[in-house]
Amino acid sequence: MNGPVLAIDQGGTKLLCALVEEGHVLEQAAVPTDRDAGPEAWLDAAAGLAAPWQGRYDRVGIAVTGRVSDGLWSALNPGTLAIPAETPYAAMAEARLRRPVTLANDAQAAAWGEHLHGAGAGQDMIYLTISTGIGGGIVTGGRLLSGRGGLAGHAGQMRGLTPEKGPLEDRMSGRWIARAAREAGHDTDARGVFSAARAGEGWAKEIVSTAAARAAALCADLQMLIDPPRIVIGGGVGLAPGFLDRIRAALGSLPAALRPELRAAKLGGGAGIIGIAGLARA
Ligand code: ADP
Ligand code: BMX
């Protein structure tokens, strides 16, 4: 059967559920992630959103923030979402939804979605989500990399030459932007910081510029690593108005041969659900 897949994208900020068929979203619904609730509650929330679609799908794809290996889900950065180590989420979801489940990391799934149906245009690529955290996925030789234990693409967990400062995502993600705003005396989220920056607030413009400069440095390093035809940028922050152009501007001084070709995720926030649906059908 090549009918619809129930596709679920569990991120650190939002849960998105959809019926996806052949790269098209037929139905979708989303709720904010209840960050302290835990895997059972997150699965209940997904089942609740999917309840109206009973009988319309024969398999399930679940894209999650965190490391996935052999059906087990763990947090790499509990600050992004606190998942208990080696949560048997694939088995839990199969028991709850009574369908075969494919479980994968959210950014790896989004990379596959953009490769198949988005800005990746069927070519090799790196996908970088700038969202609650910073995630990534790598398609090379036409295959999605997952690695020895599901770590492939986890750019936000790299530490560069300053490991004592923690993972890169703690210095440039949506959560970092909100923390920087609080430290500047403004209690708001990344969306609020971008809004303040558009309104000309200096403190906000500084935070956005710093995040863009750090994202550009990460993209330049990723280019050096595997020299992909393009780096596709997604995520709530990555797709925020003007942010991609800020990253491009920060890369402008690089020689053309070293400068990443950046594209916005054509599937937008739907890259993860479309990608996991493709993986569930693979
Ligand atoms: P998730 O991390 O759950 O996958 P998103 O990709 O939407 O969800 O990323 C959430 C992060 O993006 C949050 O920090 C949120 O404040 C930020 N964000 C979402 N939309 C915007 C926007 N339009 N402008 C700036 N930041 C945004
Ligand atoms: C973190 C890590 C990645 C994830 C990335 C983006 C956790 C819980 N998640 O680096 O697996 O892909 O965040 O996650 O360790 P998102 O919620 O921002 O999409």
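A polar contact here is a pair of N or O atoms within 3.5 Å; within protein, one atom must be able to donate a hydrogen and the other to accept it, and residues adjacent in sequence count only if both atoms are side-chain atoms. Keep that in mind for ligand 2, where an oxygen atom sits 2.7 Å from a polar backbone atom of Asn77.

First, some housekeeping. You're looking at a predicted model, where local features need pLDDT of at least 70, side-chain atom pairs count only at pLDDT 80 or more, and totals for chains, interfaces and linings use all residues. Residues are numbered from 1 along each chain as its sequence is written, chains are lettered from A and ligands numbered from 1 in the order in which they are written, and side-chain values use heavy atoms, with hydrogens and water left out.

Let's start with the whole protein. The chain folds into eight helices and twelve strands (DSSP runs numbered from the N terminus: H or I of at least four residues for helices, E of at least two for strands). The C-alpha trace spans about 50 × 40 × 35 Å along its principal axes. For 282 residues, a compact globule would have a radius of gyration near 19 Å, so the protein's 18 Å agrees (taken over C-alpha atoms; the globule rule is 2.2 Å times the number of residues to the power 0.38). Of the 282 residues, 54% are buried, where buried means under 20% relative accessible area, exposed over 50%, and partly exposed in between (1.4 Å probe, protein chains only).

Now back to ligand 2. It has 20 residues around it, and the closest are Gly66, Asn77, Asp106, His154 and Glu169 (near means that a heavy atom of the residue lies within 4 Å). By class, that shell holds five nonpolar, 13 polar and two charged residues; Ala, Val, Leu, Ile, Met, Phe, Trp, Tyr, Cys and Pro count as nonpolar, Asp, Glu, Lys and Arg as charged, and the others, Gly among them, as polar. For Ile134, a polar backbone atom is 3.2 Å from an oxygen atom of ligand 2.

Finally, two loop residues deserve a look. Arg98, in the loop between α2 (89–97) and β7 (101–105), has a positive phi of about 55° although it is not a glycine. Arg98 counts as exposed because its relative accessibility is 63%. Ala121, in the loop between α3 (106–117) and β8 (125–130), isn't a glycine either, yet has a positive phi of about 50°.
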